Every structure is written in C-alpha cells, then in structure tokens.
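Work through the following exercises with the sequence and the structure at hand. Each task is followed by a worked solution.

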2 protein chains.
Amino acid sequence: MARARMADVASAAGVSTATVSMVLSGAASTRISPETQARVREAAERIGYAPNSVARSLRTQRTRTIGLISDTIATTPFAGRMLAGANDVAREHGYLVVLVDTDDDAERERQAIAALVGQQVDAMIYARMWHRVVPAPAGLPDSTVFLDCRPRDDSRPATVPDERDGGTAATLELIAAGHRRIAYVDAPEDNEVVASGLRHEGYLSALAGAGVTADPLLHVRGTTDASGGRAATEALLTLPADRRPTAIFCFNDRMAMGAYAAARRAGLEVPADLSVVGYDDQQLVAAELDPPLTTVALPHYEMGRWAMEVALGLRRAEAGVPLLMPCPIIRRDSVGPPPEPASA
Amino acid sequence: MARARMADVASAAGVSTATVSMVLSGAASTRISPETQARVREAAERIGYAPNSVARSLRTQRTRTIGLISDTIATTPFAGRMLAGANDVAREHGYLVVLVDTDDDAERERQAIAALVGQQVDAMIYARMWHRVVPAPAGLPDSTVFLDCRPRDDSRPATVPDERDGGTAATLELIAAGHRRIAYVDAPEDNEVVASGLRHEGYLSALAGAGVTADPLLHVRGTTDASGGRAATEALLTLPADRRPTAIFCFNDRMAMGAYAAARRAGLEVPADLSVVGYDDQQLVAAELDPPLTTVALPHYEMGRWAMEVALGLRRAEAGVPLLMPCPIIRRDSVGPPPEPASA
DNA sequence: AACGTTCGGTTAATCGATTAAACACCAGAG
DNA sequence: CTCTGGTGTTTAATCGATTAACCGAACGTT
C-alpha cells in the first residue's frame, strides 16, 4: 500500500487537510477544538501517517537539511569526529546532513555545491580535513560556514584549531617537567600547512616566556609520518651531549611514533631518557603507544558542533575573524623530568 | 534576487514551461525544434537557472538521495573508507547521500529511520562499523542494503568481509614463510564479534591444510587494544622454548602493536625472532609501525561501493546469503622465516 | 476539396503539504 | 430583529517542477 497522505488522515477523521495540518504541526492548537484534535491525532496514528517532507519543503521553502562538503573523508581519521559534532547538533534540532566528499577535486567540488544548492539545503558547511586557508569556492551560499579552514578573504564565519596556543601548551608541559633543551620536530616547509608555522610560534613563545633561548639546531623537519619523525629524531640524537635535546615536541602523533622508534634504537627509554609530546591525539594511536603518548588534541568534535550551530543560526558568528577553538593537552606517560637534574 | 524558476526561463525564451522542461531534461529532444532548444538553453544559461530538486522530487516521487544510517562513525577509523565507497558510487550516478550517525542508540536509530523515510530517500543503507549480525530494525524500507553487518534473518541484501578467508590468508602467509608454531591472539570471547570466530576458523583450516596440528595453547585471548595484545603475547613468550610460537597472527592491528611491544621487552626482533601478522590494515597505523606490519585489509571501500550499487539498483543482489567481500593480505615487513631453520 | 499525418509546441492536472482568507454558526449587544 | 464578534473549520492558492493529453498549422494523398 502506498504511504498515507494528509488527505487520508483528513477523510479518516472527517475533517479537511487544513485542519489536519494545523493539528499535527501543533501551530494553531488554539483554533481547533480539543475533540477534533484528538480525533485527528487518533486517525493519523491509526493509519500510520508520516508527513512527506518533500512536499512540505516545497511549500515552506526550507528542507531542514544541511549540506556538508568535505575533501578526502576517506583518508583521514579526523573526519569522523568533525562529522560527529556536526551531526549531533543537526540531530538535536531535527536537521539532516547531506554529505559530499569531493576527494579534493575542484570539478567535483563545483558539482557538489551545485547539487546541494539544487537540493535546497538550508545552509552549508565547507569542511577541510586539515587546517588550511582556502580560496572561497564560487557558488557557496551566504549561509556557508567554514570548518577547519578559513576563506582567504575571511568573508564567512569559520572555525579552526588554536594551533598557536596548542604549541605553547605542549612546550609548557615539557618546560614544567624541567626541560630546557626542547626540540620541535616540524613538518616540511609548506605554506599550505598553516598548522606548522602556528605551532612553531607557540613553541617559541612558550620558550621565551620561560626565559629559555631557542636553539635553531633544535628546530628540525621531517615528513609527517613515522619515518620522517624517526629520521629527524635520529639526527637530533647525534648532536653532542650538551646540545642534545632532552625532550621533543612533534608536529603530529605519527612523527612521535617515529621519535619513539629512534629513541629505542638509540637505547633510550621514553620518558626516562627522552620526553615526547605529540599533536592530534590521533584515534587508536596516541593512547596505544608504549608508553601512551602525551599529546595535544585537535578539537574536531567541538569545531563540528560549532560549525553546525552557526549554520543552524543557533549561534551568531560574524565573518572576519575565525573562531580559534582551544586544543587541550592530553596528559599520558611520555613526559617525565630530564635525565640529569635540570640546569637550575 | 530569488532563484530563477523554470517559468522565468520559459518567458525569457518565449515558450512554455513544458517546453523548457522537455529541453532541459533532454527527454523529448525529438519533439522540439533545434532552434527552440538552443533558445531555451541560452535563456537558461543566461539567467542562471538551476532546477529545484525539491519540486522535481515531489513530482517524480524520487529524490535521487540515499539514506545511510550508521552507528558510531566518530570512534572508528573504518567509517571513512566505507563512506567513501558509498559516496563515490552515489556521485558517479548523480545521487546524494544523507548521513545519520545513531551513535548506537536504538531510539536515535528509530528517529533516523523515520526521518529518512520522511525525506523520501530512494533507498537506504544500514551500516555498522564492525561486522555484526543484527536484528533487522523496524521501519526500514524494502530497498535497504546492509553494510558490514547482516540481518539476523538474512531478509535483505548484505555484504560483510570474508573473515574466514582472511584468517586463512594470514595464516598461510606465515606457513609459507616456514612457520609451524603459529599462535592466534584472539579477541575476548563474545558472540557479537563474529569476526573473532570466523578468523579463527580460517586459521584452523589453514593449519589443517598444511598438515600442522593446531596447539590449543597457541590460541590465546586479550582485549582488542595494544595492551591486550601485549599481555597475550607476553604469556605466549613464557612458554617453554619448544612450545613457544615463532609467529603470531593477531586479531587486529592494535593487538599487533602490543605484540611488537611484548617482543621488544623480551629482547626479540620482529621479524627476525618473531613474525607478526595483523588484521584491519588500519589507516596510519599498520604502515607506520617499525617494522611496517603485514596485515589483512578489511575491504571497507569495496563494501561501501557494493552496498551503494545495490541500493541504486545497478547490481542485482538477492537477500539470503550476504556477499563475502575478499580481504586481501597486505605484505609488509613483519613476516620472515622462523629463527631456527624450519623443522623440514 | 476533403482528409489524414506529422510536426512543434501548449494546456492543465498533478505531486502533498502549508496557510491566508473566507465562511458558517452561534451568542450576546444594541 | 439585525449587527458584531468569536470560534472552529474549510476553501483554495501556492510552492516549482513533470507529463499526459490536446491543438493548430502545414503538408501529402487520393
């Protein structure tokens, strides 16, 4: 049998569709007598009526649907938490999210935007899986919110992680443990990777705040995977004893994995001989390392929530200055005091 | 200015909306003169017309939209690839996917199903993030496809990984390297985790096929994280030398990480002293271990594609017997010959 | 000249809701 | 006995497309 329509409820209850609509939408409860309301509700229940949102959307011009465009969902472990945040807020307010993964392809992105606009989504979220500055794509509605990226012209509301502050927090954690010779194992030089520079700034400012002069030798780079972290750490460990770092802050958790491996090869224990702090709090990795890794979490869930709240108009957000979402430090067991009592 | 409607195109081109519709949908190209067609297209282009899919959907009773219900997207690294597969197929055929994460909550699931049905999705995919047998939820349309799970009554098309074959492949890999004493570090006993038993069956059958008698001592269990794998492996390594395994097949990659740690603590090198094979080919983990881990990949992307193809009717699939998607072995560097020349 | 056929469109119904405006009915006021 | 005002409900327009049915003109045939 076909799905019940409002007209079916109407005839079952012996009223007009207008009455059914008013009763079920709860709007004009005052105008309709309680008896009629009860009759309508009972009839709707009985024949299993469920409104057709397509028809409703056509009439009301709102679909209670939010479009979420993202690059490469597949290959990042971060997408999930961002999606989860957005999805939770959407659900809490009766919205549905239409997801499109553009695989970082400009043509697909164009199509996706067109398709979502055609579907009349009420708002749009433009997400990137790693913090970037992007040229605002054409065709995005005014109601678009940027997530984990910011439009180059800052023309729309956006939220990104507060990487600078995260870099400071990580470094401070090591300083607090007594370290003075702290290395920063950075990502390769790449303007796209804004996180790299910001975390470095945070690192430098933490050192400065503690009265430690930054040693340029301790700022090294490697590819952003375990092998890069390992190579960079190995280089660091060949430094003469008095210049060698007692602690390492890595650009991300995978590089920290590599740092662990390098330490192991060099016969060093983490954290007894070398303290390590990562970044990202990567699912199923950071906590599983031996010892579990102290790291800085990327606030993907929170950013996802925020973006959806703005998209839904639950929260005012002016374009111009992106919201910097705090990156909390996650303390585990990879940080300890330096091997020798600090210079103090 | 409001979005252009078909009527706007019609008046701009001096024709009726029927003509516009026919021209733009490409359907009745034969009936309309080439000149008129050109005029209509030009007008549509000029005023930037894009069809309103809500209106179209109401009329055609199809939304070109697929609902995808899943549990806990957030906390698993697998979701991405499954989504990517589904999304790719959808995009290739001009469909959009509406995603709902139920967070494994029955009430949310109910709401999600109702919402998607109300949105008139053309079909639905019911996904789980780890292989399970589930009671088919009420309210799912007939067109629902099950992804990485199967309805208890096998009443709908479904696809799950071929875990048994994967277990065989992993074990065979070790046998081929010359191992005879091969342990299986299993997940805790739990009927929900069907993968556990199936991989075990595969393991046993590979051993039997090679004429090796399975030693019950070599079937141990641990929690499905690194610490569980580590504890189980440590237990294995305390076995007397002649009963000790020379190779370990782990239920998943995280447990394999733990096996690495245990080996290291025991002064053993992987793979020189101990070979290890994992399962899952977990993103950003398996390949990053030192040495990179040989493992069995879960075909999430392929399952996602398959499910969407079935949902879109591009592929016939009868309910009854779930499609077993092959789990390819990913060879890296954690498998070598046993430390002593094989018994041969 | 009368009568099909094509050709090239147009008319109008329809999908299933929402909602402004109209209406029927009754009570109380003037 | 008419008028005014509520009250409770219905009528009908509307959202923006699709599509079956129809229609007028031109052309060919006998």
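**Exercise 1.** In this predicted model, find which helices each supply at least two residues of the surface near DNA strand D.

Solution. Step one: in chain A, take α2 (17–25) and α4 (53–60). Step two: in chain B, take α2 (17–25) and α4. Step four: sort the surface by class, which gives 10 nonpolar, 10 polar and 5 charged residues.

**Exercise 2.** Describe the side of chain B that touches chain A.

Solution. Step one: count the residues in the contact, 45 from chain B and 45 from chain A. Step two: assign elements of chain B; those giving two or more residues are α4 (53–60), α5 (79–92), β2 (96–101), α6 (106–118) and α10 (253–265). The largest share, 7 residues, belongs to α5(B).

**Exercise 3.** Trace the open sheet of 12 strands.

Solution. Step one: start at the edge strands, β11 (323–325) of chain A and β11 (323–325) of chain B, each of which pairs on one side only. Step two: read the order, β11(A)-β5(A)-β4(A)-β3(A)-β1(A)-β2(A)-β2(B)-β1(B)-β3(B)-β4(B)-β5(B)-β11(B), with mixed pairing. The average twist from one strand to the next is 25°. Step three: examine the pairing of β2 of chain A with β2(B), which is antiparallel over 3 bridges. Here Leu99(A) has Val97(B) as its bridge partner. Step four: examine β1 and β3 of chain B, which run parallel and are joined by 5 bridges. Ile66(B) is bridged to Ala123(B) in β3(B).

Methods: Residues numbered from 1 in each chain as written. Chains lettered and ligands numbered in written order. Predicted model: local features only at pLDDT ≥ 70, side-chain atom pairs only at ≥ 80, totals over all residues. Contact = placed C-beta atoms within 7 Å. Helix = DSSP H or I, 4+ residues; strand = E, 2+ residues; numbered from the N terminus. Pairing = 2+ DSSP bridges. Nonpolar A, V, L, I, M, F, W, Y, C, P; charged D, E, K, R; others polar. Axes fitted to C-alpha atoms, helices over the stretch in contact; angles between N-to-C directions.
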